[in-house]
Amino acid sequence: MILDKNNLFIIIGIILLSLFLIYQSNNEQKIISISGETMGSTYSVKYLSGDNLESKNKKIIEDILTDINQQMSHYIIDSEISLFNSFNDTIWFDISEEFAYVVSSSYKYHNISNGLYDITVMPLVNLWGFGPKDFSNPPNQAAIDSVLSFVGQDLIEINKDKIRKKDPRVQIDLSSIAKGYAVDKIIEYLNYEDIMVEIGGEVRVRSKNKVWKIGINTPSIENFNNDIEHIVTLDNSSLATSGNYRNFYINKNNFYHHEISPLSGYPIKSNLGSISVLTATSCMEADGLSTALYMMSMDEITNFFTNSNFEGLMIVSNEDNSFDKIFSENFPKN
């Protein structure tokens, strides 16, 4: 068979088109999902991509989480935070740059809440049975008063990569913002244009071609099936939720949860089942704000949203076990 020039061009064109279609098929963008366990909870990462880097990205995610846990988890006995908490002195203690950044950031939420958000609450967390230490019964007033004498964020100082206690009994807890910080680090490191990172309910998304729908759980202690109370459409933003329905116990018909006031020494009493905070900034910001605001009164929370650029959803529990949703002005309602 003899090919003339025109036929040869046609055949070459068909071959090039076939190769292009194969390339497009192999690089068609799809949602990649990676998940696992971390920080006493789970994580989920989803991103839109045509690459084949799932195994590599899984390792990157796990390495980031391992590194942050080694700095900020009080369940790891040789983590930075555990070593600092057990350090029985008031001299300066060397810490990593990331650890220092998270501790320094916590002062913002301490000030917003007039001291109700306080990372030195760790001794009270242990006293009430929500830490890594053995626990038998809720504490009495004498035990609470004793611990309150060395709880207060003014009892720690931080200077660049050093931190010190003013009372050697002081211990800190970063669980209220460590997950949000980890979300930020993962999303910024992977740097996909369309990505969702969630750790223990704290979420941040980036969006170019996709919007993300995130469910907010019904804040009931009987919500064993993770029922959803509200769905939020997120686009280049962060969402974090704090509440009393995940980490709790019941003793002699009394309900105790992990959100403990550093001022009274008791778990916060409120009919606010949960509060979700939406930010256009970091997930650590949303994480810290949701914890700080949960500690405050409903009037204080409403005033905060009225006078800030942040948005929120408060889910209030009623005596008949129903729930009411209270939205800030621009929180997505659909």
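Residues are numbered from 1 along each chain as its sequence is written. In this predicted model, local features need pLDDT of at least 70 and side-chain atom pairs count only at pLDDT 80 or more, while totals for chains, interfaces and linings use all residues; side-chain values use heavy atoms, leaving out hydrogens and water.

**Exercise 1.** Determine how the axes of α4 and α7 are arranged.

*Solution.* Step one: helix α4 covers residues 97-112 and helix α7 residues 175-190 (helices are DSSP runs of H or I with at least four residues, strands are runs of E with at least two, numbered from the N terminus). Step two: their axes come within 11 Å and cross at roughly 120 degrees (axes are lines fitted to C-alpha atoms, for helices over the stretch in contact, with angles from 0 to 180 degrees between N-to-C directions). Step three: α4 and α7 are therefore oblique to each other (under 35 degrees is roughly parallel, over 145 roughly antiparallel, 65 to 115 roughly perpendicular, the rest oblique).

**Exercise 2.** Identify which residues of α4 meet α7.

*Solution.* E98, Y101, V102, S106 and Y109 in α4 meet I177, Y181 and K185 in α7 (contact means heavy atoms within 4.5 Å).

**Exercise 3.** Describe the pairing of β1 with β2 and the setting of S44.

*Solution.* Step one: β1 (residues 30-38) and β2 (residues 41-49) run antiparallel, joined by nine bridges (pairing requires at least two DSSP bridges). Step two: E37 has T42 in β2 as its bridge partner. Step three: S44, in strand β2, is buried at a relative accessible area of 16% (buried is under 20%, exposed over 50%, partly exposed in between, with a 1.4 Å probe and protein chains only).
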